[in-house]
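Subject: Handover of a structure model

Dear colleague,

Please find below the structure that I am handing over to you. My findings follow directly after it.

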Amino acid sequence: MAGRAKVSTKNAADKPSDPKEPVRPLDWRDILNEEAAWHDYGDFSEWFRQIAPGLNIPNTTQFEQFRSSLDFIREQASCIYFGLEPATGALNAKLNLISLEIDLAATAETRLPSLLAVAKNDDDILERLAGALIVGFAQFVADYQKGGPGLCRCEGVFRDARLSEEHLSESEKRYRREIALLEEKRLLEDPLIQRCADFFVGRSKARFCSDACRFMTFQISKQLKEPGYLAEKQRRYRTKRKDSLG
Ligand SMILES: [Zn+2]
């Protein structure tokens with residue numbers, strides 16, 4: 001869920017409770033979902049420090065390049081989501097330039113996959129990761145085109161005062177039009193309220209990425225439909241407290 005406190009709690013939630021159980025390395029979908037919560041390089045570096053402690057934090061140029069690879073993946077993911085043809089030619093052109101290798105040492109004690117692209121600069125972990133994510137995503141696209149699972153997106157909404165209208169790309173507006181609450185309350189173009197950006201692969205019965213996202217959406221929906229709702233809830237809480245104290 002993108003409205004979380006900067007660094008995702010999703011990864012923590014993914015971790016099995018048994019410490020002996022292996023933790024699944026992050027894939028293209030996880031990282032796309034994480035990226036949705038990065039407003040700037042600072043958010044990214046905080047996230048990177050958590051998932052890859054001990055590795056040098058990539059610099060801003062490396063970060064920007066990585067982001068443009070993620071933009072490409074996101075754009076193709078949108079095509080699939082809306083039932084349009086993904087740009088297979090452009091994807092193939094990228095695939096043709098990627099060679100992969102297993103590098104356990106480079107990613108030890110991190111949540112990064114150990115299957116990485118070979119990069120000109122061995123130290124550029126993001127370039128190596130981007131190549132691997134494109135290959136993983138291409139596998140998903142290839143399966144999808146053969147009738148495999150597509151993508152679903154969380155139907156949650158959250159408030160984020162740090163966003164501006166420029167974050168609402170045309171495709172984002174299209175995603176927003178699917179949320180009845182935003183349409184009803186004329187919030188389609190309001191940058192202060194966002195649709196959660198989390199994707200799931202496959203047909204999921206769940207409409208929300210997490211319980212927290214579902215709860216937040218419920219609160220917002222209630223508040224928009226009954227503007228006095230939160231004030232009333234607080235008033236009731238205070239009265240109850242006074243009663244129990246008195
Ligand atoms: Zn969500």
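Of the 246 residues of the chain, 27% count as buried, where buried means that 20 or more other C-beta atoms lie within 10 Å of the residue's own, exposed means 12 or fewer, partly exposed covers the range in between, and C-beta atoms are placed from the backbone. The model is a predicted one, in which local features need pLDDT of at least 70 and side-chain atom pairs count only at pLDDT 80 or more, while totals for chains, interfaces and linings use all residues. Residue numbers start from 1 along each chain as its sequence is written.

The chain holds 10 helices and 6 strands; these are DSSP runs numbered from the N terminus, with helices being H or I of at least four residues and strands E of at least two. Among contacts with a separation of 6 or more, 68% join residues 24 or more positions apart, a contact being a pair of residues whose C-beta atoms, placed from the backbone, lie within 7 Å.

**Nonpolar core**

The largest nonpolar core comprises 40 residues, and Leu32, Ile73, Leu129, Leu133 and Phe137 have the most contacts inside it. Such a core is a set of buried Ala, Val, Leu, Ile, Met, Phe, Trp, Tyr and Cys residues joined through C-beta atoms within 7 Å. Two or more residues each are supplied by α2 (28–35), α3 (41–51), α4 (60–81), β2 (115–117), α6 (125–145) and α9 (211–225). The largest share, 11 residues, is that of α6. Because domain 1 (1–148) and domain 2 (152–246) both give residues to this core, it lies between them; the domain bounds come from an automatic or database domain assignment.

**Helix packing**

The axes of α4 and α6 come within 10 Å and cross at roughly 5°. Axes here are lines fitted to C-alpha atoms, for helices over the stretch in contact, and angles run from 0 to 180 degrees between N-to-C directions. The two helices α4 and α6 are therefore roughly parallel to each other (under 35 degrees counts as roughly parallel, over 145 as roughly antiparallel, 65 to 115 as roughly perpendicular and the rest as oblique). Residues in this contact include Phe63, Phe66 and Ile73 of α4 and Leu133, Phe137 and Val141 of α6. By class, the contact of α4 with α6 has 11 nonpolar, 4 polar and 1 charged residues, with Ala, Val, Leu, Ile, Met, Phe, Trp, Tyr, Cys and Pro taken as nonpolar, Asp, Glu, Lys and Arg as charged, and the others, Gly among them, as polar.

Helices α2 and α4 pack at an angle of about 105°, their axes being 11 Å apart. This makes α2 roughly perpendicular to α4. Trp28, Ile31, Leu32 and Glu35 of α2 meet Leu70, Ile73, Arg74 and Ala77 of α4, a contact with 6 nonpolar, no polar and 2 charged residues. Leu32 also touches Phe199, not counting residues up to four places away in sequence.

**Individual residues**

Arg128 lies in helix α6 and counts as buried, with 25 C-beta neighbours inside 10 Å. Leaving aside residues up to four places away in sequence, Arg128 touches Leu116, Ala117 and Ala119. The C-alpha atoms of Arg128 and Val118 are separated by 6.0 Å.

Glu109, in the loop between β1 (100–102) and β2, has a positive phi of about 60° although it is not a glycine. Glu109 is exposed, with 9 other C-beta atoms within 10 Å. Arg186 has a positive phi of about 55° and is found in the loop between α8 (180–184) and β5 (193–195). Arg186 counts as exposed, with 8 C-beta neighbours inside 10 Å.

Yours sincerely

Methods. Contact = placed C-beta atoms within 7 Å.
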